[in-house]
Amino acid sequence: MDSRLRSVGVLLAGGVGQRVGLGTPKQLIEVAGRTIIEHSLAVFEAAPEIDEIVVLMTPGYADRVREIVARGGYRKVSKVVEGGSSRTESTWRALAALGAEECNVLLHDAVRPLLEPRIITECVRALETHEAVNVAIPSSDTVLVATPEGAIGEVLDRSRLRRSQTPQCFRLSVIRRAYERAMADPGFAGLPATDDCGVVLRYLPEVPIHLVQGSERNIKVTHPADLHIADLLFRLPRPVPAGDRAALAGQVVVLLGDGELAREAARHGAAVRVLTRADGVRVEDFDSVAKALGDVGGADHVVLVAGAGHAGDLVRASGETVADVVGAGHLGALNLARAARPHLRGSLLLQVPPGSGALHESGAAAVAGLTRALAREWAADGIRVNCLNTGASPLVVAQTSLDILISDLSGQVIDARVDGA
Ligand SMILES: Nc1ccn([C@@H]2O[C@H](COP(=O)(O)OP(=O)(O)OP(=O)(O)O)[C@@H](O)[C@H]2O)c(=O)n1
Ligand SMILES: C[C@](O)(CO)[C@H](O)COP(=O)(O)O
């Protein structure tokens, strides 16, 4: 029998987003192609340590969340409950919705959409030996206490200061006991806690709260500028994990273009099919690509292999050069994506050739945008899409490509030169 305690992720999304000021709860604003709450939902849904998710949503918006849950197939969500008039009131309602059985509760601000899976793993592990766990990072600013007159009263010892994040995690019986005491305290409403650890610290001071290392990425979208910062953080390339390339053994890998990647994939046991101009396959011609992929049948991975690339002045480039560069790059990527989709089981990788100048840059930006949009559109079917800016040695590009194919990355624009992967 599994003696492990059940772990419930509680997404606190009951706020109105007054400081963002858009007249709609900020958790419903789209950032990097998804609502903020859906990013948070997806992290908890994908975390193997999480058994169940409960969402506390702003009154009047619960059905919007139910739609997001149904459309995205978030199977771990058991309840969408209306939140209260303050964060602590929403937590209190979540605790009421959780039933009698002991479990781990991970209370997370839904507006921290960049939570890393590593933090959930470490929190649940810490709950094996601690009844209360918080996530925090050191402060890089000096923090001071102001006087009521607006002068500096005290400069705090920065080496001891931490910035509190979420999830804040507890044994259900512990956080419930703390909240029962808080709700019975007539003074609580006049001096509310700004987080759940504050409630435990005040009402159960004997319970030590263990700290897990948070992350600078795990920002709380609070002010309008945070929407832009979150969007940029989502776009930062994630490192390509070095996986076990033996996982490619027996997988069908279709390459639009020959080279080192074909040899490396075959060396790791993939069933490689190379389609080239010599076979009459021209990426700028949709019909030729669709026919060739149809003849192959199903594919685990399809890769647009980058050609030589272009560097130079747009104005001086001939019409033929422009057509070649756009045809092999942007149009080729569009054609390949359209043609590959019905046959694809695993992932699409779009390599971008090295180069510089307006012609090259505009094509590379178009393929990057295509990658992000396709990754979102195809995610529901479990198909991943990534882009690799080449420019490193052919062997490094080939090996990085294989690592991307076997990873769980999607929507990533990876720069082989910067990542050194
Ligand atoms: N009554 C509330 C208030 C806040 N929250 C949630 O607690 C998290 C952190 O709160 P905050 O950033 O303050 O969100 P808002 O209250 O929406 O923001 P504001 O104070 O600007 O209105 C958010 O995910 C928010 O939805 C909640 O569940 N219930
Ligand atoms: C819980 C919290 O995110 C920890 O930093 C923070 O206290 C929430 O504050 P807010 O004013 O409700 O955003």
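**Reading the pockets**

Modeller: Begin with one contact: a polar backbone atom of S86 lies 3.2 Å from a nitrogen atom of ligand 1. Keep in mind that this is a predicted model.

Biologist: How much of ligand 1 does the protein bury?

Modeller: The protein buries 88% of the 560 Å² that ligand 1 exposes when taken alone.

Biologist: Which other backbone atoms meet an oxygen atom of ligand 1?

Modeller: Look at G14 and Q18. A polar backbone atom of G14 is 2.7 Å from an oxygen atom of ligand 1. For Q18, a backbone N or O atom lies 2.7 Å from an oxygen atom of the ligand.

Biologist: How many residues surround ligand 1, and which are the closest?

Modeller: The shell has 19 residues, and the closest are L12, G14, Q18, R19 and S90. β1 and α3 each supply at least two residues of that shell. By class, the shell divides into five nonpolar, nine polar and five charged residues.

Biologist: How is empty space found in general?

Modeller: A probe the size of a water molecule is rolled over the atoms, and this shows where empty space is left.

Biologist: Which pocket does ligand 1 take?

Modeller: Ligand 1 takes the space of the second largest pocket. That pocket holds about 720 Å³ of space. Its lining has 30 residues, and G15, R19, K26, R87 and K220 lie nearest the centre. The elements that give two or more residues to this lining are β1 (7-13) and α3 (87-97). The largest share, three residues, comes from α3.

Biologist: What classes of residue line the second largest pocket?

Modeller: Its lining has seven nonpolar, 16 polar and seven charged residues.

Biologist: Now the largest pocket. How much space lies in it, and how many residues line it?

Modeller: About 1700 Å³ of space lies in the largest pocket. It is lined by 47 residues. Nearest its centre lie R34, H39, A42, A379 and S410.

Biologist: Which element gives the largest share of that lining?

Modeller: α1 does, with six residues. Other elements also supply at least two residues each, including β3 (34-35), α2 (62-72), α4 (117-126), α7 (224-235) and α11 (358-378).

Biologist: What is the make-up of the largest pocket's lining by class?

Modeller: Count 19 nonpolar, 10 polar and 18 charged residues in the lining of the largest pocket.

Notes. Residues numbered from 1 in each chain as written. Chains lettered and ligands numbered in written order. Predicted model: local features only at pLDDT ≥ 70, side-chain atom pairs only at ≥ 80, totals over all residues. Heavy atoms only, no water. 1 Å grid on protein atoms, 1.4 Å probe; cavity = no way out; pocket = protein on both sides within 12 Å on 5 of 7 lines; lining within 4 Å. Points joined across faces, edges and corners; volume = space filled by probe spheres on them. Helix = DSSP H or I, 4+ residues; strand = E, 2+ residues; numbered from the N terminus. Nonpolar A, V, L, I, M, F, W, Y, C, P; charged D, E, K, R; others polar. Near = heavy atom within 4 Å. Polar contact = N/O pair within 3.5 Å; in protein donor to acceptor, adjacent residues only side chain to side chain. Areas by Shrake-Rupley, 256 points an atom, 1.4 Å probe, with all protein chains shown as cover. Sits in = over half its atoms within 2 Å of the grid points.
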